[in-house]
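Here is a short tour for a reader meeting this structure for the first time. Begin with the view below, then read on.

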Amino acid sequence: MISSRYSYDLLSYMTLLKMEDVDYKSFNYLSLGGACEKIAAKTEADMPIALNAFLERNPNVQIIVFHLDNDEVGRGTTQKIMIIARRNYQCFDNHPVNFKDVNDELIHKSLLLSTDL
């Protein structure tokens, strides 16, 4: 799982998995820490340094699932990274569909659960 912006996006995603009884500890995670804005501003595809270093240190990785924000920057950045990453990895864009980011998704799901009690 690759998350955008800050580590709280990543923690929100992991929390959503836990709430859905998914074994979230069985996956690798990486926060890109604000790299999206820099990549989105470029005209050519670019691989974030952190992602490139992670993949070099973990040659067993075969699949990358992106969970960047559901906005122009997040979706555009995902597509630019996937242009390069698809050469060596299966890539999936799994950004939130109905929310701006996974934080909004977590808040919405938490509110729904609290009203069900």
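Tyr8 is partly exposed, because its relative accessible area of 45% falls between the 20% and 50% limits. This residue sits in helix α1. The model is a predicted one.

## The chain as a whole

The protein chain has 5 helices and 4 strands. Starting at the N terminus, the elements run β-α-β-α-α-β-α-β-α. The C-alpha atoms fill a box of roughly 50 × 30 × 20 Å along the principal axes. For 117 residues, a compact globule would have a radius of gyration near 13 Å; the protein chain has 15 Å, which agrees. Buried residues account for 39% of the 117 residues. Take the contacts between residues at least 6 apart in sequence: 71% of them join residues at least 24 apart.

Nonpolar side chains tend to be buried together in soluble globular proteins. Here the largest nonpolar core has 18 residues. Leu51, Leu55, Ile64 and Phe66 have the most contacts inside it. At least two residues of this core come from each of α2 (35-41), α3 (49-57), β3 (63-67) and α4 (72-85). The largest share, 4 residues, is from α4. A second core is separate and has 8 residues, including Leu10, Leu17, Tyr24 and Tyr29.

## Two aspartates in loops

Asp21 lies in the loop between α1 (7-19) and β2 (30-31). Its phi is near 60 degrees, a positive value in a residue other than glycine. Asp21 counts as exposed because its relative accessibility is 72%, and the cut-off is over 50%.

Asp101 is in another part of the chain: the loop between β4 (90-93) and α5 (102-116). Which side chain of opposite charge is nearest to Asp101? It is Lys100, 4.1 Å away. Asp101 is buried yet has no salt bridge. Its contacts include Asp9, Asp69 and Pro96, leaving aside residues up to four places away in sequence. Polar atoms of the Asp101 side chain also lie close to two backbone nitrogens, at the distances below.

| Backbone nitrogen | Distance to a polar atom of the Asp101 side chain |
|---|---|
| Asn103 | 3.1 Å |
| Asp104 | 2.9 Å |

Key: Residues are numbered from 1 along each chain as its sequence is written. This is a predicted model: local features need pLDDT of at least 70, side-chain atom pairs count only at pLDDT 80 or more; totals for chains, interfaces and linings use all residues. Side-chain values use heavy atoms; hydrogens and water are left out. Buried means under 20% relative accessible area, exposed over 50%, partly exposed in between (1.4 Å probe, protein chains only). A nonpolar core is a set of buried Ala, Val, Leu, Ile, Met, Phe, Trp, Tyr and Cys residues joined through side-chain atoms within 4.5 Å. Lys and Arg count as positive and Asp and Glu as negative; His and the chain ends are not counted. A salt bridge is a side-chain nitrogen of Lys or Arg within 4 Å of a carboxyl oxygen of Asp or Glu. A polar contact is a pair of N or O atoms within 3.5 Å; within protein, one must be able to donate a hydrogen and the other to accept it, and residues adjacent in sequence count only if both atoms are side-chain atoms. Contact means heavy atoms within 4.5 Å. The radius of gyration is taken over C-alpha atoms; the globule rule is 2.2 Å times the number of residues to the power 0.38.
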